[in-house]
Each structure stands twice: as C-alpha cells, then as structure tokens.
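Visitor: Please pick one part of this structure, the sheet, and take me through it closely. Then place it in its surroundings.

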Amino acid sequence: MRIFTFLFIFLSSLSAHASSEKTMQDSDIKYLTHLKQNVWPTIYKKSDVAGLDELTHPNFVIVDNQGNTTSKTEELSFLKTYTWPHDEFEYDIQRLNIFENKTAIVAGQGKASGKNEKGDYCFTYISTNVLIKIKGRWKAIQSHVSGYQPSCK
C-alpha cells in the first residue's frame, strides 16, 4: 500500500509539473506570436529605438540574403532616422519552436504594401528569428532576412 501511495504522489507531481510546463509553453507561444506579429513591426513603425533596444540581446545581429551583418548598435542607429513607408504589413508565422534550452525560433513570411513615388508596391520576404529567454524575458539574438520578392503574387 505504501508503494501505491508513493507512486500515486510521484505520478501526480509529474503530471502537475507537465501541466505547468505546458501552460508555460502555451504562454510563451502566445507571447512570441504577439511579439513577432505586432510588437516588432510597431517598433519599426514608430522608430522606437528604446523598444528595439529592450527587445534585442546585446549580441543581436541581422543577417541579410547576401550574408552581410548588421549589429545591434548599427540597427539602433538606423532606426533613429527610419520612416516606416508601408500602408499595410502582416507577418505569417510558419514555424515557431521553443526548445528545452530556452531558445526559440520564429520563422515565416512578411508582406508589406503601400504607395511610393513609383506607385503602388507590394513585396514579401522570409525571416527567421532566434530568441533566447534570459531571466524570464525573451530577447532576439539573431534575425536572418532573405527571399525578397518584389510582388505579392
């Protein structure tokens, strides 16, 4: 009977821990989805240098499709004078994984459209973002942007 009681308590604690982990992962998935689809674009729409600084890890790097890199310092400097040109923007997440080592990958397709001096435009691109969770906060440490297509068809 003692063994049965011990097993019941042990299995119950495992179940509670698994349930807690599942709830935490669901919460992180919701947060990362909101971050990538709403918070990150809003930072660029508003040229929010402080917001980008808060979002990114000190070692944050952007890699473009030619392999060129932009450091966090360079991106913060760029954002100071950036003006968001798009009327519409959306980001379709095609992959969101959270790993046991508190690393996440968020990847998908961005689509932007608007009007400029050449007329109406629409383009798509692919990005993969790597984030790490430090002291309970997700920080972007790398973004890879490529696959630019000058049309949304």
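Guide: From the N terminus on, the elements of the protein chain run α-α-β-β-α-β-β-β-β. That makes 3 helices and 6 strands. Both kinds are DSSP runs numbered from the N terminus, helices being H or I with at least four residues and strands E with at least two. The model is predicted, so local features need pLDDT of at least 70 and side-chain atom pairs pLDDT 80 or more, while totals for chains, interfaces and linings use all residues. Residues are numbered from 1 along each chain as its sequence is written, and side-chain values use heavy atoms, with hydrogens and water left out.

Now the sheet. It is open, and its 6 strands take the order E2-E1-E6-E5-E4-E3 with mixed pairing. Pairing requires at least two DSSP bridges between two strands. Strand E2 (69-71) and strand E3 (88-98) are the edges, each pairing on one side only. Neighbouring strands are turned by 20 degrees against each other on average, direction ignored. Axes here are lines fitted to C-alpha atoms, for helices over the stretch in contact, and angles run from 0 to 180 degrees between N-to-C directions.

E1 and E2 run antiparallel, joined by 3 bridges. E1 runs parallel to E6, with 4 bridges between them. Val-61 has Gln-142 in E6 as its bridge partner.

Further along, strand E4 (residues 103-116) pairs with strand E5 (residues 119-134) in the antiparallel sense, over 14 bridges. Lys-115 is bridged to Asp-120 in E5.

Cys-122 and Cys-152 form it, with sulfur atoms 1.8 Å apart. The link is left-handed, at -95 degrees about the S-S bond. Cys-122 lies in strand E5 and Cys-152 in the segment after strand E6 (137-149), so the pair ties together parts 30 residues apart in sequence. Cys-152 is partly exposed, at 27% relative accessible area. On this scale buried means under 20%, exposed over 50% and partly exposed in between (1.4 Å probe, protein chains only). A search of the whole structure finds 1 disulfide.

What lies against the sheet? Helix H3 (residues 72-80) lies across strand E1 (56-63) and E2, at about 80 degrees to E2.

Next, the packing. A nonpolar core is a set of buried Ala, Val, Leu, Ile, Met, Phe, Trp, Tyr and Cys residues joined through side-chain atoms within 4.5 Å. The largest has 18 residues, of which Leu-32, Trp-40, Tyr-44, Leu-52 and Leu-131 touch the most other members. Helix H1 (2-45), helix H2 (49-55), E1, H3, E4 and E6 each supply at least two of its residues. H1 gives the largest share, 5 residues. Apart from this core lies another, of 5 residues, including Tyr-91, Ala-112, Phe-123 and Tyr-125.

Tyr-44 shows how the parts meet. Beyond its neighbours within four places in sequence, Tyr-44 is in contact (heavy atoms within 4.5 Å) with Leu-52, Ile-62, Glu-75, Phe-78, Leu-79, Tyr-82 and Trp-84. Of the 153 residues, 31% are buried.

Notes
A disulfide is a pair of cysteine sulfur atoms within 2.5 Å.
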